[in-house]
Amino acid sequence: MSMEKVKTGINGLDEILEGGIPRGSTVLITGYSGTGKTILGIQFVVNGIKMFNEKGLIVIAGEDIERLQRSMLQFGWDLKRFEKEGKLILIDVTSVKIGVPTGVEFTEFQLKTTDIKQLVLTIYNAVKQNNIKRVVIDSIPNIITNKDDIQKIRTSLLTLCILLERFGCTTLMVTDIPEGSEKLSTYGVEEFVASGIIKLSLEKSGGKWIRKMQVRKMRGTKHKLDEYIFEIVENGIKILEKIT
Ligand SMILES: Nc1ncnc2c1ncn2[C@@H]1O[C@H](COP(=O)(O)OP(=O)(O)OP(=O)(O)O)[C@@H](O)[C@H]1O
Ligand SMILES: [Mg+2]
């Protein structure tokens, strides 16, 4: 029996993934600052809502939610409207962290503390009660506090992956690479709990800067390993040609 694939709905990416992401997997989106991780994550959830009738959950940490809502409107993605229509839940970790009121429409799943265990439990409850099929967590370094040790981080992330998989929920976990580092993630544990890794980068080639995407790992499926050039255009991410 072949594994069910969840289409990202991003032209070109589903072909690279030979159909999509295996349902229930957790995929790490990694790359330096400004490489397009947030846009990719939100587009995955928005496409789920618009194209595949799958409800979504976005956990936003490290960025102001109202600013994010405004910048996503530039791509035609109206997060507030999706919330009102009951197709999207937003969890705003940023406001909890800095202690300001949240800009989300519905506060049923807002957190009271920044504890990672509490967050995992809240995500679990939101997914279970609302039949959510796509989750993006943006970003892992921003949901972790400096009192969390590596073991706790690893256990919490693994718990999250396993719980979400049971609901057939496909998850993108955004992490980042410290500038100049050769590592794949901030803590060096994210890539081991995730079933897949998509790496984004910015590189100078022939005198101009280009955006690149590579699927580094996708457990349970064949996929292309090539690097692809992509652009961010008026309706989001667009994959162009493969780098030869
Ligand atoms: N409306 C737009 N049209 C085209 N390109 C855009 C648009 N909005 C943002 N961008 C490009 O996308 C980049 C930001 O993408 P994104 O926020 O997804 O990056 P990121 O990897 O999440 O960054 P960070 O690690 O800082 O959170 C901007 O630096 C800009 O180059
Ligand atoms: Mg981002």
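**Close-up views of a predicted model**

A search of the whole structure, a predicted model, finds two aromatic pairs. One of them opens the set of views below.

**View 1. Y124 and F167 form a tilted aromatic pair.** The ring centres are 5.5 Å apart. The planes make an angle of 55°, which falls under the edge-to-face class because that class needs over 60 degrees.

**View 2. Ligand 1 takes up the space of the largest pocket.** Around the ligand are Y32, S33, G34, T35, G36, K37, T38, I39, Q74, F75, R211 and I232. By class, this shell divides into four nonpolar, six polar and two charged residues. Which helix gives the most to the shell around ligand 1? Helix α2, spanning residues 37-52, does, with three residues.

**View 3. Side chains of S33, T38 and R211 make polar contacts with ligand 1.** How much of ligand 1 does the protein bury? Taken alone, the ligand exposes 650 Å², and the protein buries 61% of that.

**View 4. The peptide bond from D138 to S139 is cis.** Its omega is near 5°. Most peptide bonds are trans. Where does S139 lie? S139 is in the loop between β6 (132-138) and α7 (140-143).

**View 5. E18 has a positive phi.** The value is about 50°, although E18 is not a glycine. Most residues other than glycine have a negative phi. E18 is placed in the loop between α1 (13-16) and β2 (21-22).

How values were computed:
Residues numbered from 1 in each chain as written. Chains lettered and ligands numbered in written order. Predicted model: local features only at pLDDT ≥ 70, side-chain atom pairs only at ≥ 80, totals over all residues. Heavy atoms only, no water. Near = heavy atom within 4 Å. Polar contact = N/O pair within 3.5 Å; in protein donor to acceptor, adjacent residues only side chain to side chain. Areas by Shrake-Rupley, 256 points an atom, 1.4 Å probe, with all protein chains shown as cover. 1 Å grid on protein atoms, 1.4 Å probe; cavity = no way out; pocket = protein on both sides within 12 Å on 5 of 7 lines; lining within 4 Å. Sits in = over half its atoms within 2 Å of the grid points. Helix = DSSP H or I, 4+ residues; strand = E, 2+ residues; numbered from the N terminus. Nonpolar A, V, L, I, M, F, W, Y, C, P; charged D, E, K, R; others polar. Phe/Tyr/Trp six-rings, centres within 6.5 Å; stacked < 30°, edge-to-face > 60°.
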